[in-house]
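Have the viewer open while you read.

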Amino acid sequence: MHDRRFEGRTLVFGNQGALYKTAMTWFDHGTGSIWSQPIGRALVGELRGATLTQIPSTLDTWEGFHARHPDALVLSNGLDGPRLILASPRENWVIGLALGDAAAAVDFSHARAAALVQLTVGNEPVAVWVDSTTGTVRAYLRRVANRLLDFEPAGDGALRDRETGSLWSAAKGLALSGPLAGQALSPVPWTSAFDWAWRDFYPNSTFIGA
Amino acid sequence: MALVVLGVLALGWAIRGSADAPQIARPPADLPDPHERMMFDSAYDQRLSRDAIPPIYQPHFVAAAVAPLQPDELVIGLVVDGEARAYPVTTLNRREMVNDVVGGTPVLVTW
């Protein structure tokens, strides 16, 4: 997910209908420049080289998201009429993380089976949590108030950090009890991608669980 | 996700044959460096015309309390400046892109 603003203008994006390195491309209606989705960058056209700021997002079941955000608005285009509901992401699907010059990809099925994957992307310590029953995905920075945290699954959607023993809600990224109660983890932007596409864009990426 | 939808649509067109093949826009030839142009061309694969998979330019919303979603269906969630949005993955599979404004920030949601 990206912020559509670039140097004072707000861009409107369409679907370019092309693949670049086997991944989706967009065009912006103002200049017709062609953008690559996994990197959020214009490849050709007037805005060539421009990069959009990525915005953290979550993947949740509706039940889970609704419980946390009862005031949410729900996109309703296409909600009337028959719908084929896909309950799970696909095979070869990775949770892609790009921070600075470094990149890492965590295999979704692996993360779902493990519940928690801790890794370092460049110099940044990251935790990826996937709810094994719902497929909910979270990615957080494992650093709070200059303290590096090492988590372990504590059951029932909870994580425990080994440094202080505080108990955290994995879905909210909030410490619920213990010495760090009330502290929040910073979400890390991540991208859903097929593993081969991620490898094309980030040839130096590490792959976990692939 | 986008790749699969694109693939299915491209297959559909291929089966229909070339007689009514859509006019496909080529990218603007504005890479002055021949090597860069070659690198771009080798990685670029135009499958459909622009917006053949129609993005959502004018999103509509319903309140969470009355949204007709199944409890176990997946949504992409965004929270910007305290404003929360849910985008059903089922919709994103068909439309792939949403131009929206959340919490005063213009956002692009893609899948």
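Predicted model: local features only at pLDDT ≥ 70, side-chain atom pairs only at ≥ 80, totals over all residues.

**Domains of chain A**

Chain A splits into domain 1, covering 5-44, and domain 2, built from 62-72 + 93-208. Their C-alpha centres are 28 Å apart. As for how they touch, domain 1 of chain A puts five residues in contact with eight residues of domain 2 of chain A. On the domain 1 side, that contact set is made up of three nonpolar residues, one polar and one charged.

**Where the chains meet**

Between the chains, 57 residues from chain A meet 64 residues from chain B. Several elements of chain A give two or more residues to this contact, among them strand 1 (2-3), strand 5 (23-28), helix 1 (62-68) and strand 21 (191-194). Which element of chain A gives the most to the side that touches chain B? That is strand 4 of chain A, with eight residues.

The table puts the make-up of two contact sides next to each other.

| Domain 1 of chain A, touching domain 2 of chain A | three residues | one residue | one residue |

Strand 8 of chain A runs antiparallel to strand 3 (residues 74-80) of chain B, and four bridges join them. To find this spot in the viewer, look for T58(A), which sits opposite G77(B) in strand 3 of chain B.

In soluble globular proteins, nonpolar side chains tend to be buried together. Here the largest nonpolar core holds 77 residues, and the members that touch the most others are I95(A), L97(A) and V128(A). Strand 13 (residues 124-130) of chain A is the top contributor to this core, with five residues.

What does V128(A) touch once neighbours within four places in sequence are left aside? Its contacts are then I95(A), V106(A), A111(A), V117(A) and A139(A).

**Chain B**

Chain B contains three helices and six strands, and along the sequence they come in the order α-α-β-β-β-β-α-β-β. Of its 111 residues, 31% are buried. Take the contacts in chain B between residues at least 6 apart in sequence: 48% of these join residues at least 24 apart.

Terms used:
Residues numbered from 1 in each chain as written. Chains lettered and ligands numbered in written order. Domains from an automatic or database assignment. Contact = placed C-beta atoms within 7 Å. Nonpolar A, V, L, I, M, F, W, Y, C, P; charged D, E, K, R; others polar. Pairing = 2+ DSSP bridges. Core = buried A, V, L, I, M, F, W, Y, C linked by C-beta atoms within 7 Å. Buried ≥ 20, exposed ≤ 12 C-beta atoms within 10 Å, placed from the backbone.
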